[in-house]
Amino acid sequence: MNNALQINDVSRRYGSIAALTDFSLDLPTGQITALVGPDGAGKTTLMRLICNLIDMDKGEILIGGRNMSDRFDEIKPELGYMPQVFSLYPDLSVEENLRFYAGIFDVYGEAFEKRAEELYRFSNLKPFRGRRAQALSGGMKQKLALSCALMHDPKFLFLDEPTTGVDPLSRRQFWEILLNLRNEGVTILVSTPYMDEVARADRACFIFGGKKLAEGTPDELRHLFEGRLYYLDVEPASTLVEKLNNIEGITARRFGAGLHLSIDRDDDIEHYRAGIERLGLDFNAINPIEADLEDCFIQLMERLS
Amino acid sequence: MNNAVEVVNLTRRFGDFTAVDNISLTVAKGEIFGFLGANGAGKTTAIRMLCGLLMPTSGNGRVAGCDIIKESERIKSRIGYMSQKFSLYGDLTGRENMDFYGAAYGMSRKEVKQRRDELAARLHLEDILDRQPVSLPIGWRQRLALAVSLLHRPEIIFLDEPTGGVDPVFRRKFWSILYDLAEEGVTVFVTTHYMDEAEYCGRISIMHCGKIVELGKPFDLIAKYKAPNLETMFIDLIDSRGGECAKD
C-alpha cells in the first residue's frame, strides 16, 4: 500500500495535558480516512500538527516521503485545511472569499477564473456568488469553506468536522464532493461525529484520550465488536432496563424505541429465556442484529475507561 | 388538557419572506417529539413562536396551557429552552450559572440550592459543578445546559440541536436522560440533524420551506417511503421537493 502521509509516534502536550501520545497513522494515497473520537480526543491537535500550525514534542510526519518539519515550504502548497470554526469573512461575498484565499496561494488572473469555475461546478454556489458569506445556509457555508481550501488544488485535504450541524441532505452532497475529490486522487483526512459518514469512508481511525483505539476499513472495525447483540422491541422503561441488567451475563441499554441486549460471544441467548420471560417479556420479540460502527466505538471506549 | 403543544395555522412572515407557512401541530404531554427539517426550513422561527419569543403573523394556539399570543410571558416560566449555540456564561462556574438562572426564573435561594443538588445528582454533574463551562468538553457543557433548562421544573423543554458536535457515547447518555424525563411526564420537543436520534422520537415532523411536509412515527414514515432508514427517507423527501430552500 502506498502511503502518502505517515504519522510516526507523534506526541504533543499542552502544559500538563497530553493531547496526543505516541500516535501513529498512515494515510493511503487517494483514500478518505475518517477520524472519529469524542471531544478532547486529540483530533484537532492532529490536524494542526499535520499542517505545521503547532509543533510536536516528539515523532515525525512524512508527506510523500519528505519530513514535514524540514521541508514545509516545499510541502505547504500541497496541503488544504478546513478548520472546524467557520473561517471565512462573513461580510465578503462568496466570490470575494474565493479571491481572497486564491491570493494567499498566488492564484491570480486567468488561473483564478478557471479554478473558480471548476469549484462552482461542484459546489453549485455560482448563483450565490454575490451573496455575503454570513447570509448563506449552514450547508452552503461549509461548501464555500471547502472551495476556499481547494483553491490551490491541494493533493492533501484535512477537514475538521466539516459537517457538524449540517442537515442530512447537505451532508450527503458534501460527501459526494469528497468522493469525487478522492476519485481524482486527493488524499483526505476528515473528522466527523456521524457514523454514517464513517461507513462511507475508505478507512477510519478511532481516537480517544490522545491515543489510537483502532483503525481499519469500516468492515474491519465493525468486526471488532465482541459479543452478540440483540434488539428487543419493547417500550424501553428505565425500570425494565434495570431489571434486565440485573440478569447476570446480560447488558441492556436503551436504543431508540426499543432495547439492545448484548451477551458474550460464546454465550447463547437461550440461556436467558427463563429470566427474560419472568419479566413478562416475549422471548420471540428478541432478534439478533449486527453490531454497527457506533456499537463498536462505544464498546472500545468503555473498555478503556 | 393533555396536550403540551396545540397550534393551528401558524404563519410568520419577515417582509416578503414566509419563514413559517401555515403549520398546525399537536404534541401530547410526555411525548418525545422530533422537529426535523433541512437547514433554513423554518424550524428555529417556529420554535421561537412556540416559546413566546416571536409573535406569529397569523394563527394561534397553546403551549404548556398558555395562549401563545395573549400569554406569551407566562409561557416562558413554564417551558425550558436549550440550544446548541445559546448557552451558559463561560466564565461563571456551573454552580454560579445555575444560581443565576434560578434567580432569573424567580426561584428562592433555598429552592435553587435544592433543585441544583437534585439535578447535579441525577445528571452526574457533581464533579464539574465548580468548573467553568469554557474548560469543559461539549458533551458536559450540553448536559449542564440541560440541567439549567430544567431548574424551574418546566412542563415542556425545547431543545434546538442539543447534541450538535457531541460524541456518540455522550449522545446516548443524553438521550437516556431525555427518556427518563419523558417517563416522568416532561414533554421533549427536539430538533436534530442526527437521523439515528430522530428514530428515538415517538413522532417526528419534517419541515421544508416553511411547511410541515410529513408527520408521523419514524417507522411508519420509513415504511411509507419504502426507505431502508430514516436518513434515506429524509433525503428522498427533501430532494423530491427541490432540495434546500434558498431565500432568494
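So, confidence in chain B first: helix α6 (residues 168–183) of chain B comes out lowest, with a mean pLDDT of 88, while strand β8 (residues 187–191) of chain B is highest at 97. pLDDT, for the record, is the predictor's confidence in each residue, from 0 to 100. Helices (H or I, at least four residues) and strands (E, at least two) are DSSP runs, numbered from the N terminus. Over chain B the mean is 91, and 98% of its residues reach 70 or more. The complex gets an ipTM of 0.76 and a pTM of 0.85 from the predictor.

Ground rules, quickly. This is a predicted model, so local features need pLDDT of at least 70 and side-chain atom pairs count only at pLDDT 80 or more, whereas totals for chains, interfaces and linings use all residues. Residues are numbered from 1 along each chain as its sequence is written, and chains are lettered from A and ligands numbered from 1 in the order in which they are written.

Okay, chain A. You've got eleven helices and 14 strands there, in a C-alpha box of roughly 75 × 45 × 35 Å along the principal axes. Of its 305 residues, 39% are buried, and buried means 20 or more other C-beta atoms within 10 Å of the residue's own, with exposed at 12 or fewer, partly exposed in between, and C-beta atoms placed from the backbone.

How is chain A split into domains? The assignment, which is automatic or from a database, gives domain 1 (3–222) and domain 2 (228–304). Their centres, over C-alpha atoms, sit 38 Å apart. Eleven residues of domain 1 of chain A are in contact with nine of domain 2 of chain A, where contact means C-beta atoms, placed from the backbone, within 7 Å. On the domain 1 side, α7 (195–200), β9 (203–208), β10 (211–216) and α8 (218–222) of chain A each give two or more residues. By class, that side has ten nonpolar, no polar and one charged residues. The classes are Ala, Val, Leu, Ile, Met, Phe, Trp, Tyr, Cys and Pro as nonpolar, Asp, Glu, Lys and Arg as charged, and the others, Gly among them, as polar.

Now the chain–chain interface: 29 residues of chain A are in contact with 30 of chain B. The elements of chain A giving two or more residues are α5 (138–150), α6 (168–183), α7 and α11 (293–304). This side of chain A has twelve nonpolar, ten polar and seven charged residues.

On to the sheet. Chain A has an open six-stranded one, order β6-β7-β8-β3-β9-β10, with mixed pairing; strands pair if DSSP finds at least two bridges between them. β6 (79–82) and β10 of chain A are the edges, each pairing on one side only. Strands β7 (residues 156–160) and β8 (residues 187–191) of chain A run parallel, joined by five bridges, and L157(A) has I188(A) as its bridge partner. Helix α6(A) lies across β3, β7 and β8 of chain A, at about 150 degrees to β8(A). Axes here are lines fitted to C-alpha atoms, for helices over the stretch in contact, and angles run from 0 to 180 degrees between N-to-C directions.

Last stop, G202(B), in the loop between α7 (195–198) and β9 (203–208) of chain B. Why does G202(B) count as partly exposed? Because it has 16 C-beta neighbours inside 10 Å. Beyond its neighbours within four places in sequence, G202(B) contacts E31(B), I32(B) and F33(B).

Methods. Two residues are in contact if their C-beta atoms, placed from the backbone, lie within 7 Å.
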